[in-house]
2 protein chains.
Amino acid sequence: MEALPGALGTSASLSLRLGQAIFAVASLLFMCLDIQFYSYTSFCFLVTVMGLVVPWSLTLAVVDVCSVFTNRATRQPGLLSIIVIGDWVLCFLSLAASCSTASVTSILLGSGRFCGVKLCTRYQLSSAMAFLSWFLLLFSSLFNLWLLPSV
Amino acid sequence: MEALPGALGTSASLSLRLGQAIFAVASLLFMCLDIQFYSYTSFCFLVTVMGLVVPWSLTLAVVDVCSVFTNRATRQPGLLSIIVIGDWVLCFLSLAASCSTASVTSILLGSGRFCGVKLCTRYQLSSAMAFLSWFLLLFSSLFNLWLLPSV
């Protein structure tokens, strides 16, 4: 079986996973650092989802590192199915969280009283990072889904 | 090739498409009827996306009706690829629109001044209908994606 770039156990997949984790951590830092984010449900949702994306992506990055360095891809159908399902679920959750945060921030910024420009910019950056994390998750899940029938 | 229930050209697919169109129309009606929805970006986004879902689902429902009644499934790989891509794009867009609307409504309801309870309930219902439409779109796209490698 040839290695599909971006599928589990390749160096492209490792880059995607690291990108997801980095953007998710950036989103968390923009949202949580010195801010009382828990007054809005959407922001709590974003923090929860990004808090799930970070360990998920890091675990799969470790799997990729093992595969790349031992040059032996782990291609068990059961494991790959679980990874594909997890990827898709997190993909939908992160899109939902990112869109909710963006729209709530837009409303808060429009009303002009609930958050200052500096604070709202941080919310917007957090939402943008979550969106980028979703984008990379989408690619990971598409590549793994493509690989699934051939395992 | 056996017919996969829910894939293009089956009666299950016809039910899914009709369900999507009905929920999308319900979402549009709850949002647009006698309401100035265009003061919020999220609501305009929802109306745009649902306005795309309705003709898309109805067109594919017509294709399904033709297939069911002539008993001859249209299984061209190119056509199916376009349908799968369109389904996935609309799936992501409708999830984003539904989540944005739900979170904005939650903020408006929380602030208590921008919309009354009756108006906010209509926004919430519209968001719920869009969410149901997304759910059915997800199933359609999954079934068609499953069928794609065997075409």
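A crossing of two helices is called left-handed if the near helix is turned anticlockwise from the far one by less than a right angle. Keep that in mind as we walk through this predicted model, which scores ipTM 0.85 and pTM 0.88. Chain A has a mean pLDDT of 88, and 97% of its residues reach 70 or more.

Let's start with a helix pair in chain A. Two packed helices are described by the angle between their axes and the distance between the axes. For helix H2 (residues 41-70) and helix H3 (residues 77-111) of chain A, the axes come within 9 Å and cross at roughly 150°. H2(A) passes H3(A) in a left-handed crossing, and their contact is made up of 17 nonpolar, seven polar and one charged residues.

Next, look at the largest nonpolar core, which has 46 residues. The members that touch the most others are A:Phe43, A:Met50 and A:Leu108, along with B:Phe43, B:Met50 and B:Leu108. Helices H1, H2, H3 and H4 of chain A and of chain B each give two or more residues to this core. Apart from it lies another core, of 18 residues, including A:Phe92, A:Leu138, B:Leu95 and B:Trp134.

Finally, turn to chain B, where B:Gly6 sits in the segment before H1. B:Gly6 has a relative accessible area of 1%, so it counts as buried. Its contacts include B:Ala12, B:Ser13, B:Leu16 and B:Phe143. B:Arg17 is 11 residues from B:Gly6 in sequence, and their C-alpha atoms are 9.7 Å apart in space.

Conventions
Residues numbered from 1 in each chain as written. Chains lettered and ligands numbered in written order. Predicted model: local features only at pLDDT ≥ 70, side-chain atom pairs only at ≥ 80, totals over all residues. Heavy atoms only, no water. Axes fitted to C-alpha atoms, helices over the stretch in contact; angles between N-to-C directions. Helix = DSSP H or I, 4+ residues; strand = E, 2+ residues; numbered from the N terminus. Nonpolar A, V, L, I, M, F, W, Y, C, P; charged D, E, K, R; others polar. Core = buried A, V, L, I, M, F, W, Y, C linked by side-chain atoms within 4.5 Å. Buried < 20%, exposed > 50% of the residue type's maximum accessible area, 1.4 Å probe, protein only. pLDDT = per-residue confidence, 0-100. Contact = heavy atoms within 4.5 Å. Lists of a residue's contacts leave out its neighbours within four places in sequence.
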